[in-house]
Structures are given as C-alpha cells and as structure tokens.
Amino acid sequence: MLKVNISSLRVLQMLQLLFEKDYTMNELMAALSEVSGERCSNFLVSKYINTCRFCGIDIQKIDGKYTLLKLPFGIDFSDDVLSLFDEIKKYSSKMRLGKNVRAYNSLLAKINKRSDRYYSKIETPEDDKNIENFEYAMENGWKVNINFVADGNNNLILCEPLELSSEGEHLAVVVNYNGDRKKILYKDITGIVVSNVKSSGNMLSTSVIFKLENALARRYTLRPEEKVVGIEEDGSITVLNKTEDKQSLLNRLLKYDTMCEIISPRSYKKEMKNIIDTALANYGK
Amino acid sequence: MYTFQTKAEVTQISLTGARLIVILGALMTAPRDLQDLNSLISECGLVDKNYSNDTIRIALSTLKAAGCDISRPCKATNFKYKLLSHPFTLNITDEEINALKTLYANMTRGADYKLAVKFEELFNTLSGHVFNEKTSAELRSITSFCKIDKDVYDRILAEDGKNNILTITYATPVKKLGTKKFIFGRIFLKSNKLYVEGIDTETKNTVCYNMTRIREIINIEQGHNEYKPEVYKLKYLLKNPDNHTLPQEAKVHKGQKNQAEVEIEFTSKFFAVQHILSLGADCTILEPEDIKNEVISKLMELRKVYA
C-alpha cells in the first residue's frame, strides 16, 4: 500500500476536474466528494484553489464557474509556432472551414489550459444555409441536391456529400456523383438542399488503377488513399486509387507524362484522351 | 517557472499540495532525482528547510495515486525519476487531428516551405505532450519531414540564404549512393516534400535534391558564392483559373471569359514542364518556345499511349 498525502492528492484531483470542464463551487464540491469518496467542504475546496493559484496556476471565476486558464509548466511553443497561430487565425478569417473550426478551437481550449499563454480561437466567415445543409447531410447520411453554374450553364445534381475542401483561396465541396469524386467550387454553387434519399455510406464505386514505369515507381510516394496492387518484373507498379477527385487525379497523372498510364476504368481513359486532344488542339495539333 | 504569490496574499493554502505541484511541474520538464526535487522546492522559496527523502518519496507516491506513471530510478534513467504519463496529458481526438491536417494541407499548398516547417514544429511539440503512441505518431507524420535525417534537416535549414558549397551523400531513386557538390540555392516544398535546389559545381546545371534522400552532409565550404540558376520564365493562358491552385509566386492577370494570363518563373525545366502538364487542357503556353515544344512533344507521346 502506497503511503500518500491526502490533502495534496485532493489538490491534484481537483485540478484534474478543472482540466475537464468549468464548475460552480457547489458542483466542484460535489464532484470532488465523489472522486475522493469523502465530503469536501467549501472551506477545503477554496483552500485547494488557493493552493493552485499560489503556484501560479491561473484559476478564475468566470460567469460563476471556476475556470482553469493557465498552467505555468505546460506546453511551451517557440516564437515560430506562436507566429503560426497568428497565420492560422488570419487564414481562417478568410476561409470557411466548416466543422474544422470547432475541432481546432476545441484543441486550442485544451492547449490553453496546459500553457502559460493564451491562444485566441479562430473565427471564420459565418457559414450560410448551404454549408449548414451540406454538413448536416454529411453527418446524417443524406444525399444533397446541388445547383451550380459551370461554363455559363446551370446544373442540378443529386450526389453524396463527402467533404469541404479548398482550392487555393476558394472553398470547394467534394461529392460522390455517379461513383466519381467531384469537386465543385463554392462560389459556383447557387443552392444546396438536403434530399430525402439516403446516401450509400460515402462509398465510391470508382476505383482507378494506373501503372507507373520503373523510373517513376522508384520515387513515387503513395498518397494515403492509394495502394500498390501489382509489381512487374521490370520494376513498374500498378496503383489503386479510390478517393481522389477525378479532375485532380487526371491532372496529377498527366504531369507524369508517358511514365504513367491509366489502366481502368475506361471512362477515365476516355477522359484523359479528351484532355490530351483538347490540350493539343490549343496548339493547333 | 513558478510565480508564487506571497503568503500574505493567500489566506489558506495546502503547503503539501503546493509541494506536490512543484514536483509535478519539475518532472514534467525533465527526469529528476530526490536531490534535484529537494533543491527545486528550496529554490522556489516554498519552505525554508530541506525535506527528508521520505517526504519526497511520499509526494511521489501521491502523484502515482493521482494517476501519474513514474518510473523507478535505475541505471537506464541515470537513477532519476521519470514521468512516463500523467492525467493532465493532452488528449487529441481524431477530429482535431483531421482539422490540423486540413489546415496544413490547405495552407501549405503552393506556399513557402517555412510555413510547413512551422507546422512541423507545432506537430512535434504537440506530439511531445501526447502519451498515446498512435496519436503521437500520427501528428509526427502529417508533414512527412520525419523521414528526413534529423542532422541533415537541421543543417540544411540553417544553410538557407547563405549560398555556401555543400558536399553531400545522396541516395538516388535506384538506391545508388553518390557524392554531390553544389552551391546552395534555396529550399522549396513540393507535394509535401522538402527539396534543396542548387548549382552543381562541376556541370554548372541547376540541381534539385529531395531532402529525404540526403544521407549525410559531408562538408560545407563557407563563402559568398554566386548563385545564378538558369531561369525559365513561363507565360501561359489559363482557363478557369479558380479551379487550379497556382504557386504563390505566380502573377495572375485575370481577363475576360474566365481566362487569365499567368507569368511564373521556374529554375528547373523538369518542374516547369510538369507544371504546364498538370494544368491539362485549361492551359496554353505562350512562351518560352523550348518549353512549349517540349510540352507539345510530351502530349503527342501521351496521345499515342491513349490512342
């Protein structure tokens, strides 16, 4: 049996509670009594709070609740990282980041409690109804109807929402449309409506297989969504890609020129041929 | 580390509790022996006397009872107590990691490598405060810089902007080790990989080395060497410019009918051609003529592949 000091144990137990959430005095007394198995009075809890404050742990009463704000011996970031937090804040003020804002701010709140500095939360432009609908459908497994403009024409498609993404400084939505991963710039979208059709669980039916020649295969880094499905004697490899947006994938593979060839599906091969023909037509070829 | 208030400012405190917080804070920063811990408590001015070793041991037991995992002092730890985990550790959720990944991917696309290096530092710092091995490894692998030799990484970053002559051991994609000597030019980020660009001292050609493949920096010759790489000034027409992520340094002059004229410089012909090809049918290169011809020639070859 370990010999312990009860009073100091209670101080740490109370600190642990305050790391998790903010408490009123009554809530803190009840929670600490439950954790410790013995009644903790207002006098004792106040003493423990004073002890923490005495050691430089910033605990303040905000809106009637005791809130842990700073820890003097927690995470210490370099000046470079501190400037990065500012850059993230600046970037996020221009970009809609959807649910990533909530997740990032939740991480910042945890960091703040473990640091002796305060890192302010990010705020992004307010999400409009279209973004809300897209995220709601994504989280609840519904398909969405998207109205958008492409080449001057209005389009309406029923598709599965996959993720919010960005293209340079522009927000984009990524969807599964007829088995293909499709990216649509948010600025081209005129409306997103949640349909009453259940999505198929975000599974894409398109698996793209392409071959990389030996010289490229040796230096190629697989994307997280890719896997090698074949290795030839000459050193070339066959790669399976399931999730990359169609246009991005075709453009990426195009830059590998003849060292890369799409094996399947036929629709992708046909699309690649079209891109090559159109590109050559730009030069009158 | 601590900013103790004077005793007059606080009416009631638990001295044993304060002592425990000091010990916890000390162990969070480094492994310590009983002597270190005792000295730290004295230095803090918490008490005027030295505690007995038994008192410190009881404090350590109390930390364990509160959920801290502290290793026994042994030869491997230089006979110091080491805090292996504690209940105040940072618990990062999958959703939070995804938010970091999204921010990293979006912000560093086409950006200066220094931004990615800052992210790398952030991820490494956070991973040092996470005891979950999987989360820690995931944080460290977001940038892929962990594949670069630590010494190479630090020394190459320190060379930025100096134009010294470096001699390195480099593993080519066929895993052949060779020695390379070049005037250091710049560092850049491409496809989440760091590259060093320079001028080969023998051939005078512009060279690019993937930092992951640099095995060792053999020598650094100090001096003000002239770094003037061959520059390919590209000018091209681009349809739907918003559909493409262009490098930060590209000058985009937007015109009518959703078309833009873009000017950008490359120091590598290979990357210049790759850049044009990656823009697909939306791009029509105007100049220079030799890059234009090479792009057309590549496209003609590709046409045969998909015929």
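Which residues does A:Phe210 touch, not counting residues up to four places away in sequence? In this predicted model, A:Phe210 touches A:Val239, A:Leu253, A:Cys260, A:Glu261, A:Ile262 and A:Ile263, when residues up to four places away in sequence are not counted. The residue itself lies in strand S8 of chain A, which covers residues 208-212. A:Phe210 is classed as buried because 21 other C-beta atoms lie within 10 Å, and the cut-off for that class is 20 or more.

In chain A, four strands form an open sheet whose order is S9-S10-S8-S11, and the pairing in it is antiparallel. Strand S9 (226-231) and strand S11 (260-264) of chain A are the edge strands, since each of them pairs on one side only. From one strand to the next, the twist averages 30°. Within this sheet, S9(A) and strand S10 of chain A, made of residues 237-241, pair in the antiparallel sense over five bridges. One pair of residues can be picked out by name here, for A:Ile231 has A:Ile237, in S10(A), as its bridge partner.

The sheet can then be placed within the chain as a whole. The domain assignment divides chain A into domain 1 (6-70), domain 2 (74-126), domain 3 (129-198) and domain 4 (208-281). The centres of domain 2 and domain 3 of chain A, taken over C-alpha atoms, are separated by 27 Å. The contact takes five residues from domain 2 of chain A and six residues from domain 3 of chain A. On the side of domain 2 of chain A that touches domain 3 of chain A, the residues divide into one nonpolar, one polar and three charged.

We now turn to the other chain. Chain B contains nine helices and 11 strands, and its domain assignment gives domain 1 (7-85), domain 2 (94-143), domain 3 (150-221) and domain 4 (232-305). Between the centres of domain 1 and domain 4 of chain B, taken over C-alpha atoms, there are 63 Å. The C-alpha trace of chain B spans about 80 × 50 × 40 Å along its principal axes, and its radius of gyration is 28 Å, whereas a compact globule of 307 residues would have a value near 19 Å. Of the 307 residues in chain B, 33% are buried. Among the contacts in chain B with a separation of 6 or more, 52% are between residues 24 or more positions apart.

Chain B also has an open sheet of four strands, in the order S9-S10-S8-S11, with antiparallel pairing. Strand S9 (251-254) and strand S11 (283-287) of chain B stand at the edges with a single partner strand each, and so one side of each has no neighbour in the sheet. The twist here averages 25° from one strand to the next. Strand S8 (residues 232-239) and strand S10 (residues 259-266) of chain B pair in the antiparallel sense over eight bridges, and B:Leu237 has B:Glu261, in S10(B), as its bridge partner. Two helices accompany these strands: H8(B) lies across S8, S10 and S11 of chain B and runs at about 5° to S8(B), while H9(B) packs on the sheet, touching S8 and S11 of chain B, with a direction that makes about 145° with that of S11(B).

B:Ile97 touches B:Ile92, B:Thr135, B:Glu138 and B:Leu139, not counting residues up to four places away in sequence. Although B:Ile97 and B:Thr135 are 38 residues apart along the chain, their C-alpha atoms are separated by 8.3 Å.

Finally, the two chains meet in a contact that takes 66 residues from chain B and 66 residues from chain A. Several helices of chain B each supply at least two residues of the side that touches chain A, among them helix H1 (15-29), helix H4 (94-108) and helix H9 (289-305). H1(B) gives the most to this side, with 10 residues. The residues of the side of chain B that touches chain A divide into 34 nonpolar, 22 polar and 10 charged.

Methods:
Residues numbered from 1 in each chain as written. Chains lettered and ligands numbered in written order. Predicted model: local features only at pLDDT ≥ 70, side-chain atom pairs only at ≥ 80, totals over all residues. Rg over C-alpha atoms; globule rule 2.2 N^0.38 Å. Buried ≥ 20, exposed ≤ 12 C-beta atoms within 10 Å, placed from the backbone. Contact = placed C-beta atoms within 7 Å. Nonpolar A, V, L, I, M, F, W, Y, C, P; charged D, E, K, R; others polar. Domains from an automatic or database assignment. Pairing = 2+ DSSP bridges. Axes fitted to C-alpha atoms, helices over the stretch in contact; angles between N-to-C directions.
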